[in-house]
Amino acid sequence: MAHIKQRECVLKIDHVGKVFTQKRNQTVALEDINFDIHRREFVCVVGPSGCGKSTLIRILAGLEDTTSGRILVDGKPVNGPGPDRGMVFQKYTLFPWMDVCRNVMFGIEMGGTSKVEARREAMQWLQIVGLEQFASSFPHQLSGGMQQRVAIVRALAARPRVLLMDESFSALDAQTRLKMQNYLMEIWRKIDITIVFITHDLDEAIYLADRILVLKPRPGRVEEVIEVPLSRPRR
Ligand code: ADP
Ligand code: ADP
């Protein structure tokens, strides 16, 4: 890892604005947002309800267009979703008709990997989160925490540059949530991944992030008001 440049910019948010127009009403959800996220950073975006967090992460994922400005991944402007960005939502993220292994294989096969190889890789990912013995279970047979573990490795298995997480642990009870936070940090330390994690919970952000971006409630403007020092070793 020594060859990795310290401040390599993976995700650039360049003058991004978003206005929702419905009939005569216009809602400014985001206004002139600018920030860079660097390789292997774990960034949390916090802010009160309605400040535009979901809109921002949907734009980053390519699920929503910008009204102005653009998103760059590794210096290249992106349009729409792409394999360079993985996404984990709050709930219902797994395909209910596929078993756990097939769910994880899905992302790998999208990259053109053969079925046999995809199955082998999927099993390795499931081992990382201690769920290899649930490979042939279906999502509804797993607890909420277990399903989110599968959702995380399914997203990571496609080898994205950035993992985007939208309130991914908010639907879980406090104890499960803490376990999931620890799982996620453990994975993040082990692999070359950049994480952007949206949460309304400041405690969660402080626990997870090495940098926190605060999205101000009134139109737009991200301000980097808190730098959480990286006191925990990455590996
Ligand atoms: P947060 O995730 O921080 O709660 P959102 O991104 O959901 O904030 O919303 C930001 C603003 O944009 C809010 O005023 C919300 O009402 C508005 N908004 C979000 N999505 C839509 C939409 N699809 N149509 C119209 N307005 C929207
Ligand atoms: P949640 O995070 O939703 O609470 P847990 O991971 O704590 O889910 O697991 C819920 C239950 O599922 C546990 O009580 C345990 O019996 C079972 N379980 C979870 N992970 C495993 C595992 N790797 N192997 C066997 N059983 C497991």
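1. Start with the shell around ligand 2: H4 gives the most to it, with four residues. Helices here are DSSP runs of H or I with at least four residues, strands are runs of E with at least two, and both are numbered from the N terminus. The residues surrounding ligand 2 are Gly 130, Gln 133, Phe 134, Ser 143, Gly 144, Gly 145, Met 146, Arg 149, Thr 176 and Lys 179; a residue is listed if one of its heavy atoms lies within 4 Å of the ligand.

2. A word on the model: it is predicted, so local features need pLDDT of at least 70 and side-chain atom pairs pLDDT 80 or more, while totals for chains, interfaces and linings use all residues. Residues are numbered from 1 along each chain as its sequence is written, chains are lettered from A and ligands numbered from 1 in the order written, and side-chain values use heavy atoms, with hydrogens and water left out.

3. Back to ligand 2 and its polar neighbours. A nitrogen atom of the ligand sits 2.5 Å from a polar backbone atom of Gly 130, and an oxygen atom is 2.8 Å from a polar backbone atom of Gly 145. Arg 149 brings a polar side-chain atom to 2.6 Å from a ligand oxygen. On its own ligand 2 has 530 Å² of accessible area, and the protein covers 54% of that (Shrake-Rupley method, 1.4 Å probe; for residues, only the protein chains shown count as cover). The elements giving two or more residues to this shell are H4 and helix H5 (174–190).

4. Gly 130 also follows H3, and its phi is positive, near 65°. H3 itself (residues 115–128) has 14 residues and should span 20 Å at 1.5 Å a residue; its end C-alpha atoms are 20 Å apart, which agrees. The expected span is 1.5 Å times one less than the number of residues.

5. Which residues of H3 are buried? They are Ala 118, Glu 121, Ala 122, Trp 125 and Leu 126, where buried means under 20% relative accessible area, exposed over 50% and partly exposed in between (1.4 Å probe, protein chains only). Seen down the axis of H3, the buried residues fall within an arc of 145°, so they line one face; the arc is taken from the directions from the helix axis to the C-beta atoms. Val 116 and Gln 127, on the other side, are exposed. The cover over the buried residues includes helix H2 (100–110) and helix H4 (144–157), with contact meaning heavy atoms within 4.5 Å.

6. Now for ligand 1. An oxygen atom of this ligand is 2.6 Å from a polar backbone atom of Gly 50, another pairing puts a ligand oxygen 2.9 Å from a polar backbone atom of Lys 53, and the side chain of Thr 55 has an N or O atom 2.5 Å from a ligand oxygen. Taken alone, ligand 1 exposes 550 Å², of which the protein buries 64%. H1 gives the most to the shell, with three residues.

7. Last, His 38 in strand S2. This residue counts as buried because its relative accessibility is 11%. The side chains of His 38 and Arg 7 are joined by a polar contact of 3.4 Å (a pair of N or O atoms within 3.5 Å; within protein, one must be able to donate a hydrogen and the other to accept it, and residues adjacent in sequence count only if both atoms are side-chain atoms).
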